[in-house]
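User: I have a structure to study and some questions about it. Can we take them in turn?

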2 protein chains.
Amino acid sequence: MEFILRIDVGAKGGPTWRKEPLGGYAGNGGRGMTSLIVSKEVPPLCHPLGARNKLVIAPGLLSGTSASMSGRISIGCKSPLTNGIKESNSGGQPGQMLARLGYAAIIIEGKPEGHDLYKIVINKDEVKIDIDNSLKMLGNYDVVDKMKNEYGDKISTISIGPAGEMKMSAASIACTDMELRPTRHAGRGGTGAVMGSKGVKVIVLDDTGKSMRTPKDPEKFKEANKIFVKGLKKHPVTGEALPTYGTNVLTNIINESGGFPTNNFKSGKFSGASKISGESEVELQTKRGGLATHGCHRGCVIQCSGIYNDKQGNFLTKQPEYETVWAHGANCGIDDLDTIAMLDRLDDDFGLDTIEMGAAIAVAMEAGLAKFGDGEAAINFIKEVGKGTPLGRILGNGAAITAKAYGVERAPVVKGQAMPAYDPRAIKGIGVTYATSTMGADHTSGYAIATNILKVGGDVDPLKTEGQVDLSRNLQIATAAIDSTGMCLFIAFAVLDQPETFQALIDLLNAFYGLTLTADDVTALGKSILKMERKFNTDAGFTAKHDRLPEYFYTEAFPPHNVTFDIKDEDLDQLYNW
Amino acid sequence: MEFILRIDVGAKGGPTWRKEPLGGYAGNGGRGMTSLIVSKEVPPLCHPLGARNKLVIAPGLLSGTSASMSGRISIGCKSPLTNGIKESNSGGQPGQMLARLGYAAIIIEGKPEGHDLYKIVINKDEVKIDIDNSLKMLGNYDVVDKMKNEYGDKISTISIGPAGEMKMSAASIACTDMELRPTRHAGRGGTGAVMGSKGVKVIVLDDTGKSMRTPKDPEKFKEANKIFVKGLKKHPVTGEALPTYGTNVLTNIINESGGFPTNNFKSGKFSGASKISGESEVELQTKRGGLATHGCHRGCVIQCSGIYNDKQGNFLTKQPEYETVWAHGANCGIDDLDTIAMLDRLDDDFGLDTIEMGAAIAVAMEAGLAKFGDGEAAINFIKEVGKGTPLGRILGNGAAITAKAYGVERAPVVKGQAMPAYDPRAIKGIGVTYATSTMGADHTSGYAIATNILKVGGDVDPLKTEGQVDLSRNLQIATAAIDSTGMCLFIAFAVLDQPETFQALIDLLNAFYGLTLTADDVTALGKSILKMERKFNTDAGFTAKHDRLPEYFYTEAFPPHNVTFDIKDEDLDQLYNW
C-alpha cells in the first residue's frame, strides 16, 4: 500500500488518474485514512453531491495480509444523508484486493459535466477509466455479471445500483463476496449517491499477479495471528453464537430484552420474533440447501454469513443479517423470512441500505401508505425505489425525508440517519452512541449492546442511566481504532473480554509494520479519529444540539419496560470530554 | 387588546380555551409578540409538528386602530421548513378584527389525539371550538364560502387548505381580504403545516359590535396619521409606482438590473420579462374588467393589489404579486400571465407559499421532470400537490426537499427556505439578508433591494461588497420593529427617506399608547426581537455555518454580470455584532 490512486472525474476532456506517494497520509488505514483525507481535502460546507466532495475508498492497515478477519474496506465522504463526515465500511473481497494492488486509498474527486457512466478497472499493470453507458440503471447483480463476463471471475467489484445513480441518500456501495456476488455493502450514509454523483458505476479490481502483503516480522506475525484466531474461536459470541446462527442470533436475544423496535419503534417486543429469528433462519436455510455458516471474505474465521435459497432451492440472497431482519421484519411488523430475504435481495440489487429502507418503509406505514405487516406492500415500495418513481424518490432518501414528506413526527433518526435495531430507551448505552456518534444514528460506531445485553466487556444495566456515557465513549474510541485496521468489528467481542486477544491484535500491527505500539497508542488513534471527525462536523454546522435523540424518545414511554430516554443532555455532552 | 386567547387542542376530552391577561406579554405586538411567545414557550428542539410547538397569531400594536396601513397580522411558531423560529405575516382583514375583538394573540398549543378537524369561531361574546369534518381537504375558497354561508359576510377568516392538513412545509395560512376571499397569506415557513398539526382548519372572526380601538390621545393620533399618509402619498414608490403597477412594477426593474433569477437561478435576465411585467399585467387586468389598483385590507392607502379576471372576465385571483410572478414565471421560464395567475389561484386555494412552490417547480424542471417554460406542467405539478400524490408530497415540502429527492445540487435555499425574486450574486445586500436572517432566505426581513436598486434610504452599489452588511443589518433591525406595529412593510420606503414620516409612525404609537418613544427605542425594539429570534435558533442548533448561501452561489458565475457571491464569511458574521 505505497500509493494513493487519485481520480479526477471532473477533468476537462474526461477523467484522469494519477498514482501519488502516501506523503502525509502514510501510516493510516481504513476509517483513519478516509476520515483524514476527507478532513484535509473536503470543505465541510460543500454540497455532498458537488464537485468538492470526494469519495475515499481505503483498505485497512492489515488488509491484504494473511491476518484473519482483515477484509473490511472503508468508504468515506461528506454524507448526503447526514451532511456530516461519513465512514461506512463493508466486507467482501475488494479490501484485500485493493491492498494487494498497493493502494492505501482511492480518492475520487471532481464532478463530470455530462451524464456518462464510468467503469474503472484496476489491475497490477494499469488503471483504465472508460465510459460504459450500457451499465446505466443496471442492478448490482447485472453489473457484476457483466464485469465477470468481461474480466473473468478472479476480480472483485465495488459498484452502485440504480439508487446510487439516482443519488438517493439511502444508496449503498456494493462489494462482492467470495462468490462474486454484490452482497456486502457500505450501507450507511448514502455513499452510493456520492459515487453516483461522480458518475462512477463500478470499480473492477483484479489482483492477479500480486501476492499477499508481507510483514516486517513474518514469524511474529504468524504467531500473533494464531493467538488471535484462538481467542476468536474460544469466545462464546465469535466462536459459537455467530458461527452457528449468524448475526441474526440477536433477534431472540434483543426481543427478549424488550428493546427490539417493532412497528416503527412503537414497542420492544415483536410477536413474530421467533418466526424470523436466527434459529428459524438457519433451519430454513439448511432445509433448502443453503448455507448457515459462511464467511463474507477469505480469511474469516467467524463465518457469520450464509446463503439463503428460495423455495425452489435456488440462490436468492446472502443470509439476511440481523439488522436487515429487524429493519424489514419487526420494524415493519413483517414476520416472514422469505419476504425479508426478497427485500434484502432487492436492496442489494438496487444498492440500498437495508437499515435505512426498513426505517423508511415503517415510517410510510405509520403515515398510512400500507399496513404494518404487509410484506407485499414492502416489496412494492422497494421496487418503486428501484424505478425512481416519486414515491421511490421519497423512500430512497431515507426515513427522515419520508417522515417529512408525509408529515410524520415519529422519525427515528439522528443527524438524518435512521436508527438500527435497538431501541435507545430500553438499551440506553446504544442510545448514547446514536446521539453522539459523528456518523448519525449508528450501532457499529459504539456497540453498547455488547455490554448492555451480551455482557461482553463488563455489565452495564441497559435500563439504568449510570455508566452509559462512559461505556459508549470507550466503545466509540476502540471502534474508530479497529475500523482503521481492516479488521471486522466482530473481533471486538473477543478483544474486549480477552486481554491476550487484544494484545495479539496489537502484535499483528507491530509485526507487520515493525512498530512498538501499545494499548495506549490504540486508544490514542481512536481518539484522534473521533476528534478529527467531530471537527469536520462542527465545521459543517453541527453542535451539541445535534447530539440528541428525536423529541419523542424523551416523551413517549416504550413498552414493555415503559421507559423513555433519560440520559441527561449534560451527560451526553461529556462524551467527547476525555 | 387586553387578552391572550389560549387554545389547547390536546386537552383530554377535546380542545379547551381560556382568556388570559397579557401579563409579561403586555406591550408587544405582531412579530415582537409572536417571537416573544415562541421564545418563552416553545422548546427550541421540539418537533415542529409536535405537541410542544405552538402556533401564535398576533395583530400588530396599531392593528384595529384608525391608523392607515395597520392591517398586518403576524403568525409565529417553530418552522417545519427551517426548523428555526418563524414569523410570517399577512395582509387582509383578520389583523384588524382580532385586535378589535381584544386579543393581542391567539396561542394554539398541544396536539389532538384523533384526526378531527376543528373550526374556531370568535366573536365579541364567545369562543366556540367545534369539530367540522365536512371541511376536510377543502380548498381555502370553499372553506371561506362555507363560513360565509354559516356566519354571514361580516366575518374574516384564517384558514388552511389541503397542504396545511397534509402538513407540508410549504403550506401557508390564508387570511381573507376585503372581498372575503382567501387571497392574503402568511406564506413562508410552513405555518400552515403547524396549524394543520393542531387540527385547526379555520378560525372565523366576527367583530360585529366592537369598534375601532381608541388612542389615549385621539387628536395627536389623528394628526400623526395625516402626516403619515401624506408621506406615503408623496413618496415615488408608495405614492406612484406601487399604486399604479402593484408590486409587479419590480419585474422590469429587477430584470433590468440583471438580478432577476431565471430558470432556477441560472441567469439574471429573462427574455419574457416584458410579457409578465407589472405594466403588462395592469393593461391586461384593466382590459378584462379587473382592478389594477386595490387594497388588501381597509385603511390601505398604497393599494398595491388588484383583481385578476380570466379571459371571460370572471374573477380568477387577486393580482399576482411580484414574488409570485417571478417564482412561477421567470424562475420556471414561464412568460404567460394567465398561467401565472392560475398558479396563484391554485396556491391560494391549496394553501401554499407561491415563492416556495415556484422554487420547487424550478428545481423539478432542472431535475428534468418538465421543461423550463412548460406552463401546463407547472399547473399539473401544483395540482399534484393539492391531491397529495407522492410527487405532490415532494414539491409541497419545498425546494430543498425536491432537490434532495431528485439529487439536484442547485437548490436556492438558506436554512431550508427558498430564496425569493432577487439573485444574491447580482444584488449582494439581499444576499446578506438571505444568509443571515433568522427566518431563512427571506426578502422581507431586510429588504436591501430598496437601497441596492431603488435607491431608497441611500445608495449602495448592488454589485460591490462594501456596505452590504451594514445595510442589511440596519434594515433587519428596522423591519423587526415595523413588523411589530401591524404596519405594512411597504411604509418603509417612505419612512427610510422621509424623517417626518418616520416621526409620524413613532407619534402614532406614542399617541395611541401614551408613550414617549424615540427613534432609539424603535431601534432597540428591533434589536431585541432579532436577538431573541437568534437565541431561539442557536438553541435549536443553528450556528454561523448556517448563515451561508448554498455553495454554488460562491462558485457559479451569474450572467449577465458574471458575478459570484463574494461577501466574506467573517463579514457575514458581523451582522449581529451591533
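User: In which loop of chain B is Asn263(B) found?
Analyst: Keep in mind that this is a predicted model. Phi of Asn263(B) is near 50°, a positive value in a residue other than glycine. Most residues other than glycine have a negative phi. Asn263(B) is found in the loop between helix H8 (250-257) and helix H9 (273-276) of chain B.

User: Is Asn263(B) buried, exposed or partly exposed?
Analyst: A residue counts as buried with 20 or more other C-beta atoms within 10 Å, and as exposed with 12 or fewer. Asn263(B) has 16 such atoms, so Asn263(B) is partly exposed.

User: What is the phi of Met137(A)?
Analyst: Met137(A) lies in the loop between strand S8 (127-131) and H3 of chain A. With 15 other C-beta atoms within 10 Å, Met137(A) is partly exposed. Met137(A) is not a glycine, yet its phi is positive, at about 60°.

User: Which peptide bond of chain A is cis, with omega near 5°?
Analyst: Look in the loop between helix H23 (552-555) and helix H24 (569-572) of chain A, where Pro560(A) has its place. Most peptide bonds are trans. The cis bond here runs from Pro559(A) to Pro560(A).

User: Which residues does a cis peptide bond join in chain B?
Analyst: The loop to check lies between helix H23 (552-555) and helix H24 (569-572) of chain B. Omega is about 5° for the cis bond, and the residues joined are Pro559(B) and Pro560(B).

User: What kind of axis relates chain A to chain B?
Analyst: Chain A can be laid on chain B by a turn of 180° and a shift of 0.0 Å along the axis, with an RMSD of 0.0 Å. That is the relation of a two-fold axis.

User: In chain A, which residue has the C-alpha nearest the axis?
Analyst: The distance of this C-alpha from the axis is 2.7 Å. The residue is Pro390(A).

User: Why do the copies meet through the same surface?
Analyst: The contact takes 30 residues from chain A and 29 residues from chain B. On the side of chain A that touches chain B, helix H15 (390-395) and helix H16 (399-406) each supply at least two residues. That side divides into 13 nonpolar, 9 polar and 8 charged residues. The copies meet through the same surface because the share of chain A interface residues that are also interface residues in chain B is 97%.

User: Which element gives the most to the side of domain 1 of chain A that touches domain 2 of chain A?
Analyst: Domain 1 covers 3-205 and domain 2 covers 261-422 in the domain assignment of chain A. Their contact takes 37 residues from domain 1 and 30 residues from domain 2. Helix H3 (140-151), helix H4 (162-165) and strand S11 (184-186) of chain A each supply at least two residues of the domain 1 side. With 3 residues, the element that gives the most is H4(A).

User: Which residue in S6(B) stands opposite Leu5(B)?
Analyst: Strand S1 (residues 3-8) of chain B pairs with strand S2 (residues 16-21) of chain B in the antiparallel sense, over 6 bridges. S1(B) also joins strand S6 (residues 103-109) of chain B through 6 bridges, and these two run parallel. In S6(B), the residue opposite Leu5(B) is Ile106(B).

User: How many residues are in the largest nonpolar core?
Analyst: Nonpolar side chains tend to be buried together in soluble globular proteins. Leu508(B) is among the core residues that touch the most other members. Contacts of Leu508(B) beyond four places in sequence include Leu62(B) and Phe221(B). The number of residues in this core is 370.

Technical notes: Residues numbered from 1 in each chain as written. Chains lettered and ligands numbered in written order. Predicted model: local features only at pLDDT ≥ 70, side-chain atom pairs only at ≥ 80, totals over all residues. Least-squares fit on C-alpha atoms with pLDDT ≥ 70 in both. Contact = placed C-beta atoms within 7 Å. Pairing = 2+ DSSP bridges. Helix = DSSP H or I, 4+ residues; strand = E, 2+ residues; numbered from the N terminus. Core = buried A, V, L, I, M, F, W, Y, C linked by C-beta atoms within 7 Å. Domains from an automatic or database assignment. Nonpolar A, V, L, I, M, F, W, Y, C, P; charged D, E, K, R; others polar.
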